[in-house]
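Here's a quick briefing for anyone meeting this structure for the first time. Take a look at the sequence and the model, then read on.

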Amino acid sequence: MRLLPRMMFDDFFDDMFDEPLLHRNAVTAMRCDIREKDGSYLLDIELPGCKKEDIKMDLEDGYLTVSAVRDTRKEEKDDQGNIIRQERVQGSCSRSFYVGEAVTPEDIKAHYENGELKIVLPKKDAPAVETKKTIMIE
């Protein structure tokens, strides 16, 4: 078995996590703004290039997870049907927000238009935890 020189191995992994490489592979960016208004949280999430059916939201254990998968294929053909240009773009992104265990799926309102997902969440306080009280015996 032939081993790669250590320097080559280290350079490979350093290059893997290089900033431009990450941006090149991250097809779908997910920028998010969170604001508080009238007792609710407003989340504006940018999902450029995604369709409504590509977006999924899950609520589990107090965490709202928003994920999107993008898979687009475009082809240009000449008059004879030969492919001149072919473009294949795939990517996915996901983001989780702790919204509390008091929030239910019925409380969440979402609307997607022009590459932006708008979510309205009620601001609910966690239910009060009962404190233990000691009873004195006389």
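This is a predicted model: local features need pLDDT of at least 70, side-chain atom pairs count only at pLDDT 80 or more; totals for chains, interfaces and linings use all residues.

**Salt bridges and their surroundings**

Residues are numbered from 1 along each chain as its sequence is written, and side-chain values use heavy atoms, with hydrogens and water left out.

**A salt-bridge network**

- Side chains of opposite charge can pair when their charged atoms come close.
- Lys 118 and Asp 44 do this through their side chains, at 3.6 Å from N to O.
- That pair ties together distant parts of the chain, with Lys 118 in strand β7 (residues 116-122) and Asp 44 in strand β2, 74 residues apart. Strands are DSSP runs (E, at least two residues), numbered from the N terminus.
- Asp 44 counts as buried because its relative accessible area is 11%, while Lys 118, at 39%, is partly exposed. The cut-offs: buried is under 20% relative accessible area, exposed is over 50%, and partly exposed is in between (1.4 Å probe, protein chains only).
- Lys 118 also meets Glu 116 in a salt bridge, at 3.9 Å from N to O.
- Bridges with shared partners join Arg 35, Asp 44, Glu 116 and Lys 118 into one network.
- Glu 116 has a relative accessible area of 27%, so it's partly exposed.

**Another salt bridge**

- Glu 76 and Arg 85 pair up through their side chains, at 2.8 Å from N to O.
- Glu 76 is partly exposed, at 39% relative accessibility, and Arg 85 is partly exposed at 39%.

**An aromatic pair**

- The count of aromatic pairs comes to one.
- Tyr 63 and Tyr 98 make it, edge-to-face, with 5.0 Å centre to centre and 65° between the planes.
- Tyr 63 sits in strand β4 (residues 63-77) and Tyr 98 in strand β5 (residues 83-98), 35 residues apart, so the pair links distant parts of the chain.
- For the rule: rings of Phe, Tyr and Trp (its six-membered ring) pair if their centres lie within 6.5 Å; planes under 30 degrees apart are stacked, over 60 edge-to-face, and the rest tilted.
- Tyr 63 is partly exposed at 43% relative accessibility, whereas Tyr 98 is exposed at 54%.

**Around Ser 40**

- Ser 40 lies in strand β2 (residues 40-46).
- Its relative accessibility is 16%, so Ser 40 counts as buried.
- Leaving out residues up to four places away in sequence, Ser 40 touches Arg 35, Val 120, Leu 121, Pro 122 and Lys 123, where contact means heavy atoms within 4.5 Å.

How values were computed:
Helices (H or I, at least four residues) and strands (E, at least two) are DSSP runs, numbered from the N terminus. A salt bridge is a side-chain nitrogen of Lys or Arg within 4 Å of a carboxyl oxygen of Asp or Glu.
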